[in-house]
Amino acid sequence: MDHNCAVCGRPQQLVDGAQPNLNEAPTDGAVMICWRCNGISLWDGASHGRTRLPTSEELTEIMADPDVRAALQISTTSSTPSEAVRRINRAP
Ligand SMILES: [Zn+2]
């Protein structure tokens, strides 16, 4: 399932370690990290499977989550999306 990044607008393919079935839409409000720009967006099922920018309050809450910070750090230091997923799945 593809979508466009709400931050940079480029097409993205879903690669998600938390939801192993990539054929299913993410949970509404799921945090998305763009592989290309590392921008943070939220899955918005109500808008036919698109992402939206978080509000500043949501972004503050998202960035307070150590799992998100760890995933973002891994994303910025991995060579490929699949490497990032492998590393995220191994993270404690
Ligand atoms: Zn992006």
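Predicted model: local features only at pLDDT ≥ 70, side-chain atom pairs only at ≥ 80, totals over all residues.
Let me begin with a term: a residue is called buried if 20 or more other C-beta atoms lie within 10 Å of its own, exposed if 12 or fewer do, and partly exposed in between, with the C-beta atoms placed from the backbone. By that count, strand β4 is mostly covered, since 4 of its 5 residues are buried, while over the protein as a whole buried residues make up 20% of the 92 residues.

Residues are numbered from 1 along each chain as its sequence is written.

Now to the layout. The protein has 3 helices and 5 strands, where helices (H or I, at least four residues) and strands (E, at least two) are DSSP runs numbered from the N terminus. Read from the N terminus on, the order is β-β-β-β-β-α-α-α. If we take contact to mean that the C-beta atoms of two residues, placed from the backbone, lie within 7 Å, then among contacts between residues at least 6 apart in sequence, 41% join residues at least 24 apart.

Let me turn to the sheet. It is an open sheet of 3 strands in the order β3-β4-β5 with antiparallel pairing, and two strands are said to pair if DSSP finds at least two bridges between them. The edge strands are β3 and β5, the latter covering residues 50-52, and each of them pairs on one side only. From one strand to the next the twist averages 50°. Between β3 and β4, which run antiparallel, there are 3 bridges, with V31 partnered by L42 in β4 and M32 partnered by S41 in β4. R52 itself is partly exposed, with 15 other C-beta atoms within 10 Å.

Which residue in the hairpin of β3 and β4 takes a positive phi? That residue is N38, with a phi near 60°, in a hairpin that has 6 residues between the strands. Most residues other than glycine have a negative phi. N38 is not a glycine, and with 14 C-beta neighbours inside 10 Å it counts as partly exposed.

Another loop position I would point to is G29, found between β2 (11-13) and β3. G29 is exposed, with 12 other C-beta atoms within 10 Å, and, leaving aside residues up to four places away in sequence, it touches L42 and W43. Its C-alpha atom is 9.3 Å from that of P54, 25 residues apart in sequence, and the C-alpha atoms of G29 and R52, 23 residues apart along the chain, are separated by 9.1 Å.

Next, the core. A nonpolar core here is a set of buried Ala, Val, Leu, Ile, Met, Phe, Trp, Tyr and Cys residues joined through C-beta atoms within 7 Å. The largest one has 12 residues, namely C5, A6, V31, M32, I33, C34, I40, L42, W43, A71, A84 and I88. The elements that give two or more residues to this core are β3 (31-33), β4 (40-44) and α3 (81-90). In soluble globular proteins, nonpolar side chains tend to be buried together. As for C5, when residues up to four places away in sequence are not counted, it touches R10, Q12, C34, R36, C37, G39, S41 and T51.

Finally, the helices. Helix α2 (residues 66-76) and α3 pack at an angle of about 145° with their axes 9 Å apart, where axes are lines fitted to C-alpha atoms, for helices over the stretch in contact, and angles run from 0 to 180 degrees between N-to-C directions. In this contact A71, I74 and S75 of α2 meet A84, R87 and I88 of α3. By class, the contact has 4 nonpolar, 1 polar and 1 charged residues, where Ala, Val, Leu, Ile, Met, Phe, Trp, Tyr, Cys and Pro count as nonpolar, Asp, Glu, Lys and Arg as charged, and the others, Gly among them, as polar. A71, A84 and I88 are also listed in the largest nonpolar core, and with that I will stop.
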